[in-house]
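I opened the file to go through its strands and helices. These are my notes, in the order in which I looked things up.

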Amino acid sequence: MFKPAGIIFLGALIFLAGCATTPTMPDETISSPAPDQAAAALNWVDPNAAPKPRPQQFPKTNPPAAISSNRAPVTIPKPAPAPVMTWTSLNRWAAEHKLGAPQFLSSTPVATYSISSSNGVMILALGSHEATWNGLEILLGFEPQLIDGQIFLHGLDLQKNLEPLLCPPPLTFGTNRVIVVDPGHGGSNTGTHSVLDGRFEKEFTLDWALRLVPLLETNGWQVFLTRTNDTDSALSNRVAFAGAHHADVFISLHFNSAAPDTRQAGLETYSLTPAGMPSTLTRGYDDTWAQSFPNNNFDAQNLQLAVRLHGALLHATGEEDRGVRHARFIGVLRGQRRSAILLEAGYLSNPHEARRIEDPEFRQKLAEAVAAALRLKSEIRSPKPETTVPAEDTNQLSTP
Ligand SMILES: [Zn+2]
């Protein structure tokens with residue numbers, strides 16, 4: 001078990017308190033619930049055991065927020081006020097952001113619109129959380145609405161899902177160029193298992209990570225793994241590890257399961273849900289919309305990173321696109337003070353995908369896709385005069 005002395009990360013402890021106290025929880029990516037959720041956690045069954053409906057069901061009402069602990073006496077908890085966000089006409093938003101007007105594409109099966117910039121094209125559908133960005137599936141927080149004959153989007157979707165993709169600046173990192181890669185699970189925390197022969201997820205995530213190290217180092221990254229052998233590490237330690245190494249980027253590697261369903265297939269990429277927005281996936285955990293975590297300071301970079309890696313993995317594998325998603329319960333993401341995402345690179349419960357995941361060549365392909373997606377502009381440019389390149393520009397990711 002990885003227990004680095006002296007690097008306990010206070011924020012992580014606050015948000016992830018009790019992470020190591022849920023040994024029966026099969027997916028170590030899940031943080032322990034808050035104390036008032038403890039009873040529910042005891043009854044937790046394999047989160048991968050139930051097929052996940054697609055599209056995900058979104059809550060229709062805003063649940064009450066947590067009670068402030070320093071105000072006594074408290075009688076009846078009142079919901080915290082949601083962030084003030086209004087529904088905005090996409091036409092008006094586009095004009096304000098100096099983008100071309102949205103284009104109406106089709107009325108069947110649902111009305112769809114496109115909005116584009118020099119970065120790419122987003123396609124939105126009325127009444128659907130599912131949007132696409134340059135062909136990749138993006139899950140919105142709220143369904144676009146038709147108001148007075150125009151498409152309206154929730155302000156949080158405009159701010160958190162559209163603006164980071166449609167508008168500059170591109171994804172940048174600090175000057176450290178340090179990345180922490182987190183092979184999911186380890187030791188007694190096995191993760192899910194292959195439907196073919198029972199081999200554990202923890203084995204495949206570690207192998208993927210080990211293959212990634214030399215590739216990222218070749219691309220100029222300093223790479224640290226949260227584990228390098230078959231040992232478990234608490235979620236809080238994985239977050240603290242990234243802090244101790246002053247990481248610019250954190251990537252957690254996983255494989256999925258929908259057992260006993262053997263048909264579900266495809267790739268999912270997760271980032272932390274922005275405050276005020278419902279999550280794509282809750283797995284029954286508290287999803288208080290008003291909650292904000294340290295990693296929410298990186299909402300825009302998280303989405304940009306997620307889209308970049310999700311697209312690279314889809315392109316490399318040809319697997320089904322299950323979308324760039326938001327979740328609030330993932331313990332290795334919430335406390336991160338850097339861009340952080342979690343990759344689910346296929347289903348070990350699906351015989352076809354399990355066979356691929358068990359193939360070392362496929363895992364090498366996954367590693368190469370991640371490394372290629374994190375290549376920096378400076379490495380693919382032709383020789384350039386040193387004096388004319390701004391320092392920060394050398395840390396921009398290359399255009400895909
Ligand atoms: Zn996992």
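How many residues does the hairpin use to join β3 to β4? I found 2 residues in that hairpin. I note at the outset that this is a predicted model.

**Entry 1: β2, β3 and β4**

I stayed with the hairpins. Strand β3 covers residues 112–117 and strand β4 covers residues 120–125. The two run antiparallel and are joined by 6 bridges. On the other hairpin, I found that 5 residues lead from β2 to β3. Strand β2, residues 103–106, is antiparallel to β3, with 3 bridges between them.

I then looked up Ser114 of β3. What is its bridge partner in β4? That partner is Ile123. Ser114 is also the bridge partner of Gln103.

**Entry 2: confidence**

I checked the pLDDT before going further. The chain average is 79, and 71% of the residues score at least 70. Residues 1–77 stay under 50, and for them the model has 121 contacts beyond four places in sequence. A further stretch with pLDDT below 50 is residues 378–395, which has 15 contacts in the model beyond near neighbours in sequence.

**Entry 3: the sheet with β1**

I looked up the strand order of the sheet that holds β1. It is an open sheet of 3 strands, ordered β1-β8-β7, with antiparallel pairing. From one strand to the next, the twist averages 45°.

I took the pairing of β1 with β8 separately. Opposite Thr88 I found Leu153 of β8.

Which helix lies across β1 and β8? It is α4, residues 155–166, and α4 runs at about 75° to β8.

**Entry 4: α4 against α7**

I followed α4 to its contact with α7. Their axes are 9 Å apart, and the helices pack at an angle of about 65°. I noted the crossing of α4 and α7 as right-handed. From α4, the contact is made by Lys160, Asn161, Pro164 and Leu165. From α7, the residues are Asp299, Ala300, Leu303, Gln304 and Val307. Sorted by class, the α4 contact with α7 has 5 nonpolar, 2 polar and 2 charged residues.

**Entry 5: α7 against α10**

I then looked up α7 (residues 299–317) with α10 (residues 360–373). The two axes come within 9 Å and cross at roughly 140°. That angle makes α7 oblique to α10. The crossing of α7 and α10 is right-handed.

Which residues make this contact? On α7 I listed Arg308, Leu309, Ala312, Leu313, Ala316 and Thr317. On α10 I listed Lys365, Leu366, Glu368, Ala369, Val370, Ala372 and Ala373. By class, the contact of α7 with α10 comes to 9 nonpolar, 1 polar and 3 charged residues.

**Entry 6: recap**

Terms used:
Residues numbered from 1 in each chain as written. Predicted model: local features only at pLDDT ≥ 70, side-chain atom pairs only at ≥ 80, totals over all residues. pLDDT = per-residue confidence, 0-100. Contact = placed C-beta atoms within 7 Å. Pairing = 2+ DSSP bridges. Helix = DSSP H or I, 4+ residues; strand = E, 2+ residues; numbered from the N terminus. Axes fitted to C-alpha atoms, helices over the stretch in contact; angles between N-to-C directions. Parallel < 35°, antiparallel > 145°, perpendicular 65-115°, else oblique. Left-handed = near helix turned anticlockwise from the far one by under 90°. Nonpolar A, V, L, I, M, F, W, Y, C, P; charged D, E, K, R; others polar.
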